[in-house]
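Please read them beside the structure.

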Amino acid sequence: MPSTTAAPDGAPLPGRALFPEQLARTRRFSLGVPRHPSVSPDGARVLFVRTGGGDDPVGRLWLWEEGAARLLAAPYGAGGGTRPVPPEERARRERARERSTGVVAYAADRELRRAVYALGGALWAVDTGGGAPFPVPAAGPVVDPRPSPDGELVAYVTGGALHVTGFGGGFGGDRCLAAPEGPSVTYGLTDHVSAESMGRLRGHWWAPDGRALLAARVDTTAVRRRWVCDPARPDLPPRSMAYPAAGTPNADVSLHLLSLDGGRTEVVWDRAAFEYVVAADWDAHGPLVTVQNRDQRVLRVLAVDPVTGATRVLHEQRDRHWVELVPGAPCRTASGLLVRAEESAGTRRLRVGDTLTPEGLQVTGVLGTDGDEVLFTGCEDPLEEHVWATAPGTGCRRVSDGPGVHSAAAAGGTVVLDSLTPGGHTVAVLRGGAAVGRIASLAEESVVTPRPVFPVHGTRRLRSALFLPSGYDPDAPDARSLPVLLSPYAGPGMRLVVRARTWWACVAQWFAEQGFAVLVTDGRGTPGRGPEWEKEIRGDQLTPVLEDQIDALRAAVAERPYLDAGRVAIRGWSFGGTLAAAAVLRHPEVFHAAVAGAAPTDQRMYDTHWKERYLGHPEREPENYERSSLLRDAPRLRRPLLLVHGTSDDNVAFAHTLRLSAALLAAGREHTVLPLSGAGHTGGDRTAGRLLGFELGFLRDALGLGLGSGSG
């Protein structure tokens, strides 16, 4: 492996030039990582998906049992690639940010004895006890297949219709339980807003006895259409998608109880007042549905009568800003206790019956239940996220240990602990709190090793990570001052400043090795520090966030005189891209250059649930959208600005960058636009490596650092 040790003068060495290519080839080090673990009820078996190596993009299905992993299913030789992947499946993978091919998702029966998956639009199954994968006849290209709890049947969606079929010719053939009434209707699938902004990726759920399903009906007739295309391929037709922008109609989502004998009952609630279906499930106590109103200030948990479809309110939560959705909640324990989030004492807490998690432990998600014990993630320190367990009468205990970002799956007393630590990625299998095995991660080791320090800045105690060139000694007689590069996200739902070897920390260190001091700060609006911290951005998503970035920068410069406040740049993607562009537009006295990737520039163009959560309805609170958008700031540009955007982005439309560029041009402001042909929101794997080198060259030129376009 080429050396990554810095030269005494901080110049980049050959090993570092390998990193951008490695980042692209490994798809940001996501290949080879075990994903989507499921544990059998007896705790003896674990299903998971993993590609064949750190640069192999082909996913496979594996079974861990008795200390060893066994391959269950791989796409080669399966014969399942003859059909085109349905558009709904492509959309599901994009929403899940799926970065591999082959077997990328699966579903299993209650005992984990049989698993099903879609491959090239075909339906496949495999018995975990042994035997080769086998095809299952289906009525058309398959999306989201899910077996019944006993493993005898499988439900799937094709052409927007929900079907059920048996294995080996059982069940009397394939049955269509619900067919779309028009071209804008689907059964059994999620919708754009539910998937992108609420995290609900599913659209059908089996009854525990396998005799019925709860299914979502989605009607996008009223939703405005967008046309997504690749301008570099004018021979290809554009793709239509239903995209509800802020202030416009949402999809009409209803829920239906579908019995296998053809019966159908609609679930009844006030859908006019509560149009968002946040979550749904069907456990041993019946169907459970969570709904939210349009302004997101009221959340209701509903118990559903499985015979009549009538609902009753189990709990209602209100907030003057918005009710934050906690992944995995609400749910119920084996005895029927409701597991829900609540906010008190400055803490987002978890209530299980009458048991409440401690003050100061910020709950970030519910991972599942094992009997009456609830597994969840939470932060005492925003730099770390740990796995915890709580149950009535036993209190709250921490399952994970050591710095990092931890997650887990559990059943039958077995916990599969997934940990991203400063040393890398590990997956341990625990029983009784002791490790009984590991599931190997095949991900490549980065040729760049992050070496951050974690200063705390200012009266708001802003958490930052600072990356310096390897071997840089500010006290050396010939030490040069370092230009500063801010590389934040700083938006809702994501923290970058964590004690873990993340891909973005590797990128920050790579820029540091090119001669920058890289500063990453999580300010107001980011998770892990409590509801009040998150909700300070209500009505203005830019002003407080920019204040925090500037305060952290000034504090860092004051503490470290070798940081050059006269040469400061900022780069970011998505919300971070908006922040980067806003920085040079609004504070050119602080920021001297910016790279803004896939940046939402006109906030009215982003989707309803996500944007109205923070800015309200644009017809009722238009001033919030004005102060949080960039178009009106275009005449203020007087610093170098690079705008980067994928032309096929269906999350933040390419039009965002085009509109800002047009406004800049109309104001006579020079800028640079780099379109990524055919790339989606994450920028595309093929361009990732070259893009880093392009950014580096732009920043060097903009700050007067020389070296042309740089290495990389």
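1. Cavity count. Searching the whole structure gives 2 cavities of 30 Å³ or more. A cavity here is a set of points on a 1 Å grid over the protein atoms alone where a 1.4 Å probe fits but cannot get out. Volume is the space filled by probe spheres set on the points, with grid points joined across faces, edges and corners.

2. Basis. This is a predicted model, with local features needing pLDDT of at least 70, side-chain atom pairs counting only at pLDDT 80 or more, and totals for chains, interfaces and linings using all residues. Residues are numbered from 1 along each chain as its sequence is written, and side-chain values use heavy atoms, without hydrogens and water.

3. Largest cavity. It holds about 50 Å³ of space. Its lining (residues with an atom within 4 Å of a point) includes Asp191, Met198, Asn250, Glu275 and Tyr276. Helix 3 (192-198) and strand 21 (276-283) are the elements that each give two or more residues. Helix 3 has the largest share, 3 residues. Helices (H or I, at least four residues) and strands (E, at least two) are DSSP runs, numbered from the N terminus.

4. Strand 21. It is largely enclosed by the rest of the structure, because 6 of its 8 residues are buried (under 20% relative accessible area, 1.4 Å probe, protein chains only). Strand 21 pairs with strand 22 (residues 286-292) in the antiparallel sense over 7 bridges; pairing requires at least two DSSP bridges. A hairpin of 2 residues joins the two strands. Ala280 faces Val289 in strand 22.

5. Second largest cavity. The volume is about 40 Å³. Among its lining residues are Arg463, Arg495, Asp522 and Arg529.

Conventions:
1 Å grid on protein atoms, 1.4 Å probe; cavity = no way out; pocket = protein on both sides within 12 Å on 5 of 7 lines; lining within 4 Å. Buried < 20%, exposed > 50% of the residue type's maximum accessible area, 1.4 Å probe, protein only.
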